[in-house]
Amino acid sequence: MSVKLNTRQVGDVSVVDVAGRITLGEGSSALRDMLRDMTSKGSKKILLNLGEVSYIDSSGIGELVSGFTTVTNGGGQLKLLGLNKRVKDLLQITKLYTVFDVHEDEASAVRSFA
Amino acid sequence: MRENKNHAPETLERSLDSTLESVDSAEELALSVAQRAGFDEDDLMKIGMAVRESMVNAVVHGNRYSANKKVRLLVTHSSERFTIRIADEGDGFDAANIPDPLAPENLMRTSGRGIFLIRSFMDEFEMRHREPRGTEVTLVKYVVSK
């Protein structure tokens, strides 16, 4: 299974529900395209809900980093929600866990946007 | 799938095309042997990820998706070691010049974490240049008797 992306608004925060595998190829490029599209259309507050992500490889991590840079350079904020153990471990091993603002529940994540 | 209830030694060898589909296939094949070898879920995740990252390196960076180049996969399981060998037919590269992905100046790079993750997840990792061309990586996970 590749990745499935669904966007919704919670107030002025754009929530992207990500499900499936963020791996090299279709999965990682779909996420990249989504975030670039949202940024170009002016989204400044983006919350990636990774609760249904079953697998992520180093390319997927690269797309998270790329997305963070793209959104931040555009004056916006990108945060993460609902990391499972695998994704959390990977971000910790690669020392990226403290780069991202990571949340456990959606309500507090939405409130945290400035 | 062949039963291997006693975790008997096993060898699997494949010649794969230089495609992303082969990356998926290699991961599935290696994990099938690893499951029969008795590894737990945590180790299976690590082995699968290491195989995937190694295959991506072989397909994308080594063989550059060439239809004329193959990736050789060898998976062997003995009583003490679970070994994966992946060999491409590319031009090779200097492993000593791979930037450290944990260095502050590299932390926000969008690539370059593959080999670091392989080393993190496996007990042994070796890379060597093949003659006349290509790179071969050897990944080892120790089998712990329970």
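Modeller: Two strands pair if DSSP finds at least two bridges between them. Strands (E, at least two residues) and helices (H or I, at least four) are DSSP runs, numbered from the N terminus. This is a predicted model, where local features need pLDDT of at least 70, side-chain atom pairs count only at pLDDT 80 or more, and totals for chains, interfaces and linings use all residues. Residues are numbered from 1 along each chain as its sequence is written, and chains are lettered from A in the order in which they are written.

Biologist: How do you know that S1(A) pairs with strand S2 of chain A?

Modeller: DSSP must find at least two bridges, and 8 join S1(A) to S2(A), residues 13-22, so the two strands pair. They run antiparallel. One bridge links Val10(A) with Val13(A) in S2(A).

Biologist: What makes S1 and S5 of chain A edge strands?

Modeller: The open sheet has the order S1-S2-S3-S4-S5 in chain A, with mixed pairing. S1 (3-10) and S5 (102-103) each have a single partner strand, so one side of each lacks a neighbour in the sheet.

Biologist: Why are H1(B) and H2(B) called roughly antiparallel?

Modeller: Angles run from 0 to 180 degrees between N-to-C directions, with axes fitted to C-alpha atoms, for helices over the stretch in contact. Under 35 counts as roughly parallel, over 145 as roughly antiparallel, 65 to 115 as roughly perpendicular and the rest as oblique. H1 (20-37) and H2 (41-62) of chain B pack at about 150 degrees, and are therefore roughly antiparallel. Their axes are 9 Å apart.
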